[in-house]
Amino acid sequence: MTYFFKMRSALLALVLMGAVLPEVSDAQQPTDPEIIKMMNDPEALKIADEILDVSRVTAGYNNILPEMAARTRQTFTRSAPQLAPIIAEVTDAVAVSLISKRVELQDKAAKLWTMRFTRGELEDILEFYKSPVGAKFALNYAPILRDSVELTNEWGEELAQELAAKVRVEMGLRGHKL
């Protein structure tokens with residue numbers, strides 16, 4: 001049951017972050033001319049990119065490649081432990097060659113913002129993040145989100161235990177032992 005709550009909480013965190021589950025996927029490109037115009041507006045994209053930086057929304061992107069490289073090293077090393085040093089060397093070299101892909105991810109994330117906000121709204125959002133309270137929000141959002149996920153997990157576990165206990169009692173009153 002704990003696995004269920006952790007998965008639900010992780011999904012909740014992603015939804016709260018709003019960064020992973022866009023309404024429009026790559027397979028379903030927008031058809032609204034205004035949205036297409038905004039997605040290709042260099043100034044709007046520049047503002048969105050700056051929002052991503054100052055808001056720290058994409059800070060976690062920097063961990064993706066190193067984590068994938070570590071997983072790749074582990075996977076290949078498990079299957080051929082005698083080649084561990086060479087696997088590490090090759091994996092690191094290939095990972096370094098893929099660093100430029102991080103820019104692609106940032107660009108796609110900026111487009112997500114331009115799909116949902118006008119240039120004026122993006123300017124207002126950027127102004128907020130550059131304000132003292134916006135900067136404080138950016139610094140504290142990830143820890144608050146993490147703590148919220150923990151809180152949700154704990155609350156869910158307690159609720160599940162209470163629910164199970166009450167169902168057992170009720171089933172016992174009806175002559176069934178669970």
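This is a predicted model: local features need pLDDT of at least 70, side-chain atom pairs count only at pLDDT 80 or more; totals for chains, interfaces and linings use all residues.
## Serine 55

Helix α3 spans residues 42-55 and contains serine 55. The relative accessibility of serine 55 is 5%, so this residue counts as buried.

The side chain of serine 55 has polar partners in the backbone. One of its polar atoms lies 2.6 Å from the backbone oxygen of isoleucine 51. The side chain also reaches the backbone oxygen of leucine 52, at 3.5 Å. When neighbours within four places in sequence are left aside, serine 55 is in contact with Tyr129 and Ala138.

## Phenylalanine 128 and tyrosine 129

There are five aromatic pairs in the structure. One of them joins phenylalanine 128 and tyrosine 129: the ring centres are 5.2 Å apart and the planes stand at 65°, so the pair is edge-to-face. Phenylalanine 128 is partly exposed, at 34% relative accessible area, whereas tyrosine 129 is buried, at 11%.

## Phenylalanine 137 and tyrosine 141

Another aromatic pair is formed by phenylalanine 137 and tyrosine 141, with 5.4 Å from centre to centre. Their planes are 35° apart, and the pair is tilted. Both residues belong to helix α8 (residues 132-173); because they are four residues apart there, about one helical turn separates them.

Phenylalanine 137 has a relative accessibility of 37% and counts as partly exposed. Tyrosine 141 is also partly exposed, with a relative accessible area of 28%.

## The cluster

Phe128, Tyr129, Phe137 and Tyr141 are linked into a cluster by ring pairs. Tyr129, a member of this cluster, is also one of the residues in contact with serine 55.

Technical notes. Residues are numbered from 1 along each chain as its sequence is written. Side-chain values use heavy atoms; hydrogens and water are left out. Helices (H or I, at least four residues) and strands (E, at least two) are DSSP runs, numbered from the N terminus. Buried means under 20% relative accessible area, exposed over 50%, partly exposed in between (1.4 Å probe, protein chains only). A polar contact is a pair of N or O atoms within 3.5 Å; within protein, one must be able to donate a hydrogen and the other to accept it, and residues adjacent in sequence count only if both atoms are side-chain atoms. Contact means heavy atoms within 4.5 Å. Rings of Phe, Tyr and Trp (its six-membered ring) pair if their centres lie within 6.5 Å; planes under 30 degrees apart count as stacked, over 60 as edge-to-face and the rest as tilted.
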